[in-house]
Amino acid sequence: MLVLTPLCGAHCDGPLCYLLEVDDFKLLLDCGWTDAFDVKQLEALKGVAEDIDAVVISHPDLLHLGALPYAVSRLGLKAPIYATLPVQKMGEMFLYDIHTNKA
């Protein structure tokens, strides 16, 4: 069975995060957040984070990967994370820049 569940981003221009379930395998497609860093946006992710089998990040920006560090450190996300090398490197730089300039 194939089920796609939008955790956020389906009905607005906000952060993107979708749960794709293929039989018993749960794949998280992106893990975005806004620059407001409102934890309430992650409520749906919080309920499924520990059950996710893998994560795929498609773009190196806040709306696609911004919540990933929080999900790993605070929501119990322990799944392997997949992205192309450019997405990984640019995403690291982007998150570092957001972190250092947010203060």
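This is a short tour of a predicted model, stop by stop, with something to select at each one.

Before you start, note that residues are numbered from 1 along each chain as its sequence is written, and that side-chain values use heavy atoms, with hydrogens and water left out. Because the model is predicted, local features need pLDDT of at least 70 and side-chain atom pairs count only at pLDDT 80 or more, while totals for chains, interfaces and linings use all residues.

**Stop 1: the sheet**

Switch to a cartoon view. Look for an open sheet of 5 strands, in the order β1-β2-β3-β4-β5, with mixed pairing. Strands and helices here are DSSP runs, numbered from the N terminus: strands (E) have at least two residues, helices (H or I) at least four. Two strands pair if DSSP finds at least two bridges between them. Strands of a sheet pair through backbone hydrogen bonds, either parallel or antiparallel.

Which strands stand at the edges? Select β1 (2–8) and β5 (81–82). Each has a single partner strand, so one side of each is left without a neighbour in the sheet.

**Stop 2: from β1 to β3**

Now select β1 and β2. They pair in the antiparallel sense, over 6 bridges. Show V3: it stands opposite E21 in β2. E21 in turn stands opposite K26 in β3. β2 and β3 also run antiparallel, joined by 5 bridges.

**Stop 3: two cysteines**

C17, in β2, is the bridge partner of C8. A disulfide is a pair of cysteine sulfur atoms within 2.5 Å. A search of the whole structure finds 0 disulfides.

Buried means under 20% relative accessible area, exposed means over 50%, and partly exposed is in between (1.4 Å probe, protein chains only). C8 counts as buried at 16%. C17 is buried too, at 2%.

**Stop 4: the hairpin turn**

Move to the loop between β2 (17–22) and β3, and select D23. The hairpin of β2 and β3 has 2 residues between the strands. D23 has a positive phi of about 55°, although it is not a glycine. Most residues other than glycine have a negative phi. Is D23 buried or exposed? At 57% relative accessibility, D23 counts as exposed.

**Stop 5: a nonpolar patch**

Select L2, V22 and F25. They make a nonpolar surface patch of about 290 Å². Patches take residues with over 30% relative accessible area and no salt bridge; like charges are joined within 9 Å, and nonpolar side chains (Val, Leu, Ile, Met, Phe, Trp, Tyr) within 5 Å. A salt bridge is a side-chain nitrogen of Lys or Arg within 4 Å of a carboxyl oxygen of Asp or Glu. Accessible areas come from the Shrake-Rupley method with a 1.4 Å probe; for residues, only the protein chains shown count as cover. F25 lies in strand β3. It counts as partly exposed, at 41% relative accessibility.

**Stop 6: the aromatic cluster**

Show W33, F37 and Y70, which form one aromatic cluster. Rings of Phe, Tyr and Trp (its six-membered ring) pair if their centres lie within 6.5 Å; planes under 30 degrees apart count as stacked, over 60 as edge-to-face and the rest as tilted. By this rule the count comes to 2 aromatic pairs.

Begin with W33 and F37. Their ring centres are 5.3 Å apart and their planes stand at 90°, so the pair is edge-to-face. W33 is buried, at 6% relative accessible area. F37 is partly exposed, at 27%.

Turn to W33 and Y70. This pair is tilted, with 5.2 Å centre to centre and 50° between the planes. W33 lies in the loop between β3 (25–29) and α1 (43–46), and Y70 in helix α3 (residues 68–74), so the pair ties together parts that are 37 residues apart in sequence.

Return to F37, in the loop between β3 and α1. It has a positive phi of about 50°, although it is not a glycine.

**Stop 7: helix α4**

Finish at V87, in helix α4 (residues 85–102). V87 is buried, with a relative accessible area of 10%. V87 and S58 are 29 residues apart in sequence and 7.1 Å apart in space, C-alpha to C-alpha.
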